[in-house]
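Trainee: I would like to learn how to read some features of a protein model. Please give me the general idea each time, then the case at hand.

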Amino acid sequence: MKHILPINEGWAFVKGCETAPAAIPAGAARVDLPHCWNALDGQDGGSDYWRGPCCYLKTIEKPAGKNVYVEVEAASSVGKIIVNGVEKASHKGGYSLFRANVTDALHDGENLLAIWVDNTQRDDVYPQTADFTFYGGLYRGVNLITVEDSRFDLDYCGGKGFDVSAAVEDGAAVVSLDAFITNPVEGQSVEFIVRDAAGVIVAGAVRPAAERVHAEVRIENAHLWQGVKDPYLYAVEALLTVHNETIDNVSANLGVRTYTVDPQKGFFLNGVLTPLRGVSRHQDRLGQGNALTKEQHEEDVAFIREVGANTVRLAHYQHSPYFYDACDRAGLVVWAEIPFISVMNPAPGAHENCRSQMKELIVQNYNHPSICFWGISNEITIGGERPGLLDNLRDLNALAHEMDKTRMTTIAHVSMVPMENDMHHITDVLSYNHYFGWYGGELENNEQWLDKFHALHPDRPLGISEYGAEGIVSYHSDTPKCKDYTEEYQAVYHEHLAKVIDERPWLWATHVWNMFDFGCDARDEGGVKGRNNKGLMTLDRKIRKDAFYLYKAYWSDEEFVHLCSRRYAQRTGEETTVKVYSNLPKVALYVDGRLFAEQEGSKVFVFEHVPMSDGFTQISARAGACADAMSIEKVAEPNQAYIYVDPDDTGDDAGAANWFNVDDYKDVDTIVVREGYFSVKDKIGDIMKNEEAGNVLMQFMQATVKMKLKKSMLGMVKDMTLEGMAGMASSMGIGGKAGADPEQGKRMLITLNEMLNKIKKYAGAARAPPGRAGRPRHGGSAAYAPAAENRRKSKFAP
C-alpha cells in the first residue's frame with residue numbers, strides 16, 4: 001500500500017554552495033519547511049535580493065517498501081534531488097512539483113538526502129524578467145512516498161496517474177475516468193468509485209489493470225458545480241487491487257459543470273450567465289516570501305470569497321495544490337497560467353521550458369473543476385514582438401488543447417498591444433492588462449478603449465486581466481489625484497472601473513490587480529520599497545483597504561456598511577466629507593450620536609458638509625441591521641505624514657516637449673558600440689546605475705511616450721538590454737500611440753544609442769543630458785559594475 005510521509009522538520013541549510021555537500025557541515029543552520037531564503041531581502045527594496053545556489057540536507061532512514069520516491073512540492077527555480085551523493089533528478093521551474101525514484105540509491109541505516117536549489121537567473125528557465133520577486137527556497141514541502149512495483153504512475157510530469165472529467169447529457173453527468181498504471185500485472189484490477197457529498201456511492205466501474213485504464217460512468221440527475229452559488233463536489237477514488245488487497249489508491253474532486261463564453265454576452269456556467277468578476281493573486285506574504293502554510297492558502301481563499309469575487313487569476317505561475325483544492329470547495333473559477341512573462345528569450349531551451357511548465361501545470365492540476373482556463377503568457381511583448389514569438393504562442397496553445405480538450409485557453413496582453421494584432425486570434429479568449437488612470441491616460445480611457453475594441457472585434461471574447469492603482473494606507477487626501485498614492489485615490493480609481501465593468505457584462509472576466517500587495521524587490525513606489533501596493537489588502541493580510549469594501553458592495557451578498565477613510569484620522573476645517581460603501585439601498589449617517597442625514601442609492605454614498613467638533617468627532621453609519629463607526633480628530637494644520645512627496649518629481653510636464661532633436665542624428669543609420677561607453681546593448685539596470693546615463697534614458701523615454709515615468713518602474717526590466725526593448729518603443733510609438741510605424745521605433749533606438757555613446761561607463765557624477773539643466777541629487781552617482789559581478793551581492797550575501 002502507498003504511504004506518504006512529510007519530512008519537513010529539521011533540515012540543514014547551506015547557503016551559497018555550487019554543489020551539494022557530501023556531509024552536513026558542522027554548525028549548519030537548521031530550518032523547517034516551507035522555507036524561503038528571500039523572505040526578508042526579497043521585500044525590502046534595492047533590487048539586491050540574494051540569488052544563487054543553496055542546499056537543504058537531511059539524514060533519513062530507508063523506509064519500508066519496495067519503491068521509494070522523494071517528492072518536492074516546489075523548488076525555486078532549479079532543483080536537484082541527490083541521495084548519498086547520487087543525483088536522481090533535476091528540474092527546471094520554480095512552481096511545480098517533481099519527484100525522483102531513489103530506491104537504488106538508498107541503503108540500510110542512515111542516508112543523506114540533499115535537495116540543491118538555485119534561483120539564479122538562467123536563459124533556459126522562466127520567469128526571467130517580471131514585476132515580482134523570484135523567491136528562492138523549498139517553499140512548499142517535501143515528502144517520502146513508498147509504493148509497490150505496481151502503482152499509479154508517479155513519473156509523468158509530477159502527476160498522480162489519474163484523470164477525471166465530466167460532460168453533461170440530459171441532466172446526467174457522463175464521467176470519464178483514466179488511470180495510468182506502472183508495471184500492471186495480470187489479475188490486478190482498477191476500481192473506480194464516485195461518491196456524493198454525503199459519502200454515498202453514486203457510480204462506479206471495475207476494469208482489468210493495464211498501462212492505461214479507461215472507464216465511463218453515469219450519474220443520473222447530477223448535482224452541478226455552480227461556482228460560488230453552489231460549489232457541489234463529488235469525490236472520486238481509484239483503487240489498484242489484487243485479490244482482496246488494495247495496493248495503491250488515488251483520489252480527486254469532481255465538479256460537474258459546463259461553460260461557454262459568448263463574445264456579446266459573456267461567461268455562462270451551466271447555461272447561466274455568470275459574469276466573472278474577481279481578483280488576481282500572488283502567493284507571497286510579509287516576512288515569509290512564498291513559504292506559506294496550508295492554512296494560509298485557505299485563508300487567502302476565504303479573503304477572496306469575503307470580498308465577493310467569483311473568479312481568481314493565479315499570477316503568474318503554478319500555485320499550491322492546497323490553493324486549487326480550496327478554490328474547488330469555494331466555487332471560484334480559476335485562470336491558471338505559466339510564467340511565460342514580459343520577454344521571450346530566444347536562447348535554446350527557453351521555449352522547451354515553457355512547454356515543460358505547461359505540461360506540468362495541466363497534468364498536475366487536471367482534476368480541479370475550479371480551473372476553467374489555461375493561460376499561455378502574460379505581457380510577453382513588453383520586450384517587443386520578437387521573431388518566433390507568434391510561433392511559440394501558437395505552439396503553447398496547441399499543446400494545451402492537445403493535453404486537455406475540456407478547457408479553454410487565454411492570454412493576457414500588455415496594454416500597448418495594438419487592437420489589430422495576430423495574437424488576438426491564437427487563444428480561445430483574450431484579456432488585456434490596462435492601467436488607464438494610473439500609469440498613463442485618464443480614467444475615461446478605460447471605457448473608450450473597451451468599447452472600441454469590442455466594436456472592432458465583435459467575435460472575440462474580451463476581458464480585463466489586470467487593472468489597479470497603488471493604495472498606501474498611510475497617505476490621505478480630500479482631493480485625491482493620480483500618483484498621490486493615497487488610499488482615497490485608489491478607491492476613486494476602482495469606483496470608476498467597477499462601474500465601467502458592471503455596465504459591460506460582455507466582458508468575459510475581469511481581475512483586479514491585485515488581491516494582496518506583493519513583493520517586488522526592484523520597486524520603490526510611494527516611499528514604500530520592495531513591494532507592489534496595488535492590493536485590496538496589505539501584504540501581511542492585516543488591513544482591508546477601502547477599495548476592498550467597494551468591490552464587496554458590488555459583488556457580495558453579505559449585507560454590510562463601511563465608512564471610508566477611517567485612517568484619515570486627523571482633518572482640518574469645520575466640515576468634512578464622509579463616504580460610505582454598502583450593498584444595501586439606504587444608509588443613515590450619525591454625527592456624535594445624532595442623525596445627520598439619510599441617503600438612498602447604490603454602492604457609494606457620499607455625505608458632504610459633515611460638521612466636525614473641536615477635538616474628536618464620532619461618526620457612525622447604519623444600513624439595515626449593519627453598522628460601522630470611526631473617530632476623527634479636528635486639527636489646526638494638515639498632518640504632513642498623510643502627504644507623499646515624490647523626490648523625483650521635477651514639477652514639470654514630463655515629456656511635454658522633446659529636449660533632443662532627431663534630425664541631429666539623421667546621418668547615423670546604424671547602432672555603434674564604443675568600447676568603454678554606454679549603448680543600447682547594455683542592460684537597463686547597468687545604465688540606471690550611472691546617474692548621467694540613467695537621466696538620459698529616463699528623459700528620452702518620457703519625451704517619446706509622453707508619460708511620467710519613475711526609475712523604479714524600470715526595475716522589472718533591469719536585466720533586459722535597451723535593444724531588447726526596441727519592440728516596446730515601436731508598439732507604443734511617439735506620443736504613446738499604439739501601432740506606430742516600426743521604423744520610428746528603430747530611428748529612436750539609433751538616436752538613443754548615439755546619446756549613450758557619449759557617456760563613459762566609469763565616469764562619476766557628471767553633466768546633465770544635452771539640452772536640459774541637471775538638478776542636484778542626493779548620494780552622487782553609482783559607479784558602473786558589470787551585472788555578473790553584482791549578481792549575488794547584497795547585504796544578506798554570505
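Mentor: Start with a cavity: the lining of the second largest cavity has five nonpolar, five polar and one charged residue. Ala, Val, Leu, Ile, Met, Phe, Trp, Tyr, Cys and Pro count as nonpolar, Asp, Glu, Lys and Arg as charged, and the others, Gly among them, as polar. This is a predicted model, in which local features need pLDDT of at least 70 and side-chain atom pairs count only at pLDDT 80 or more, while totals for chains, interfaces and linings use all residues. Residues are numbered from 1 along each chain as its sequence is written, and side-chain values use heavy atoms, with hydrogens and water left out.

Trainee: What is a cavity, and which residues line the second largest cavity?

Mentor: On a 1 Å grid over the protein atoms alone, a cavity is a set of points where a 1.4 Å probe fits but cannot get out; lining residues have an atom within 4 Å of a point. Here they include Tyr95, Phe132, His282, Asp284 and Gly519. The volume of this cavity is about 60 Å³, counted as the space filled by probe spheres set on the points, with grid points joined across faces, edges and corners.

Trainee: How many cavities of 30 Å³ or more are there, and what lines the largest cavity?

Mentor: There are four of 30 Å³ or more. The largest holds about 70 Å³ of space, and among its lining residues are Arg51, Ser76, Ser77, Tyr95, Arg122 and Phe134. By class, that lining has five nonpolar, five polar and two charged residues.

Trainee: Which peptide bonds are cis?

Mentor: Most residues other than glycine have a negative phi, and most peptide bonds are trans. The bond from Ser76 to Ser77 is cis, with omega near 0°; Ser77 sits in the loop between β5 and β6. Another cis bond joins Trp513 and Asn514, with omega about 15°, and Asn514 is in the loop between β29 and β30. Strands (E, at least two residues) and helices (H or I, at least four) are DSSP runs numbered from the N terminus. As for phi, Cys157 has a positive value near 55°, in the loop between β11 and β12.

Trainee: In what order do four strands form an open sheet?

Mentor: Strands of a sheet pair through backbone hydrogen bonds, either parallel or antiparallel. Two strands pair if DSSP finds at least two bridges between them. The order is β15-β14-β17-β18, with antiparallel pairing. The edge strands, β15 and β18, each pair on one side only. From one strand to the next the twist averages 15°.

Trainee: Which residues are bridge partners there?

Mentor: β17 and β18 pair over nine bridges, and Ala235 has Asn253 of β18 as its partner. β14 and β15 pair over seven bridges, with Ile193 facing its partner Gly204 in β15. Their hairpin has five residues between the strands, and Gly199 takes a positive phi near 90°.

Trainee: How do the axes of helix α1 and helix α2 cross?

Mentor: Axes are lines fitted to C-alpha atoms, for helices over the stretch in contact, and angles run from 0 to 180 degrees between N-to-C directions. The axes of α1 (residues 294–306) and α2 (residues 321–330) come within 9 Å and cross at roughly 35°. Contact means heavy atoms within 4.5 Å; residues making it include His297, Val301 and Ile304 of α1 and Phe323 and Ala326 of α2. The contact residues divide into seven nonpolar, one polar and five charged.

Conventions: 1 Å grid on protein atoms, 1.4 Å probe; cavity = no way out; pocket = protein on both sides within 12 Å on 5 of 7 lines; lining within 4 Å.
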